[in-house]
Amino acid sequence: MSTPAQYYQSLPPVSKFYGVACLMTTSALYLGLYDPWNIALSYQDVFKRFQVWRLITNFFFLGPFSPFFAIRLIMIARYGVLLERGPFDKRTADYVWMLMFGALSLLVMAAIPFLWTPFMAGSLVFMIVYVWSREFPNAQISIYGVVTLKGFYLPWALLALDLIFGASLMEDIIGMVAGHLYYFLTVLHPLAGGKYVLKTPLWVHKLVAYWGEGIQVNSPVQRDPSAGVAFRGRSYGLDGNRARTTTAPSEQNQTDNSARQPNSGEGVAFRGKSYRLSGH
């Protein structure tokens, strides 16, 4: 049984960041540090007052502390982590791009008046659940220990539960639409012979490389060597002598090999064929 700290450290970077950001946003509201309507999505404030942060901050508010908040946070910890460790394993930049594409799709849909909601974090979480259900359609899921169904039907089961509990269904539906749009463009359309049009942009690779977290196989951008390093420089022992610098294994092997190989002109007086005194 792992401790909470060990569980936190074992989480993949993107799901961990998003879950903690949503938790901190609701915690700040509980402490009365801000008015939630200052971070809500309002296109009028975005274009007339240039409050562009609303395009981002609304995706981090899952509502006040409540059972609904807890369920959405568990969805991130469960299905977001499974996605990041499964189909998006060693594809951190692709996973970040999936969330960005989902957020952009939701913002476009929110421009339609009857699809607008002030906070779209729930929709983004539902998109994650939908993509997971398409990636793991045959996984067995238990709903409150009462009903067992395949993963493909999980979004529809959660939609029915929200209907029973009296929650708004609009957030769930547009989240499913965004998830299906992403899955269609990245999986279904290419499998049908179409062109892969949703390739992760180069700037997303650069962003992840600068962040220094996660792994992206075949990334066109090298990871920033200074990411996560607070201080860099020479070190000295207490006696004032410079401490020995630890070298990387590859550099150490090259040093050892070069040390074993003698210099071509060192310690050799003559070079050529040798003969015995008998002339043979």
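Biologist: Which residue of β2 is the bridge partner of I143?
Modeller: Heads-up: this is a predicted model, where local features need pLDDT of at least 70 and side-chain atom pairs count only at pLDDT 80 or more, while totals for chains, interfaces and linings use all residues. Residues are numbered from 1 along each chain as its sequence is written, and side-chain values use heavy atoms, with hydrogens and water left out. β1 and β2 (residues 147-150) pair in the antiparallel sense over four bridges; strands (E, at least two residues) and helices (H or I, at least four) are DSSP runs numbered from the N terminus, and two strands pair if DSSP finds at least two bridges between them. In β2, the partner of I143 is V147.

Biologist: Which residue in the hairpin of β1 and β2 takes a positive phi?
Modeller: Elsewhere in this pairing, Q140 stands opposite K150 of β2. The hairpin has three residues between its strands. With a phi near 55°, the one in question is Y144.

Biologist: Which residues form the covered face of β1?
Modeller: In a regular strand, side chains alternate between the two faces of the sheet. In β1, Q140 and S142 sit on the uncovered face. The covered face is made of I141 and I143.

Biologist: How far apart are the end C-alpha atoms of α6?
Modeller: The expected span is 1.5 Å times one less than the number of residues. For the 19 residues of α6 that gives 27 Å, so the model agrees with the expectation. The end C-alpha atoms are separated by 27 Å.

Biologist: Which helices do the buried residues of α9 pack against?
Modeller: The buried set in α9 includes I174, M176, Y182 and L185. Counting contact as heavy atoms within 4.5 Å, these buried residues pack against α5, α6, α7 and α8.

Biologist: Which residues does L154 touch, leaving out those up to four places away in sequence?
Modeller: With sequence neighbours up to four places away set aside, its list is Y79, V129, W132, I141, I143 and L149.

Biologist: Does N58 count as buried or exposed?
Modeller: N58 is in the loop between α4 (54-57) and α5. Among the residues it touches are I39, L107, P118 and F119, and its C-alpha is 9.5 Å from that of T117, 59 residues away along the chain. Because its relative accessibility is 0%, N58 counts as buried.

Biologist: How about F50, buried or exposed?
Modeller: F50 is in the loop between α3 (43-48) and α4. Its phi is positive, near 60°, in a residue other than glycine. Its relative accessibility is 63%, so F50 counts as exposed.

Biologist: Where is K90 found?
Modeller: K90 also has a positive phi near 60° without being glycine. At 45% relative accessibility, it counts as partly exposed. Its place is the loop between α5 and α6.

Biologist: What share of the residues of the protein chain count as buried?
Modeller: The chain has eleven helices and two strands. It exposes about 18,200 Å², with carbon and sulfur atoms supplying 62% (Shrake-Rupley areas, 1.4 Å probe; for residues, only the protein chains shown count as cover). Of the 280 residues, the buried share is 38%.

How values were computed. Buried means under 20% relative accessible area, exposed over 50%, partly exposed in between (1.4 Å probe, protein chains only).
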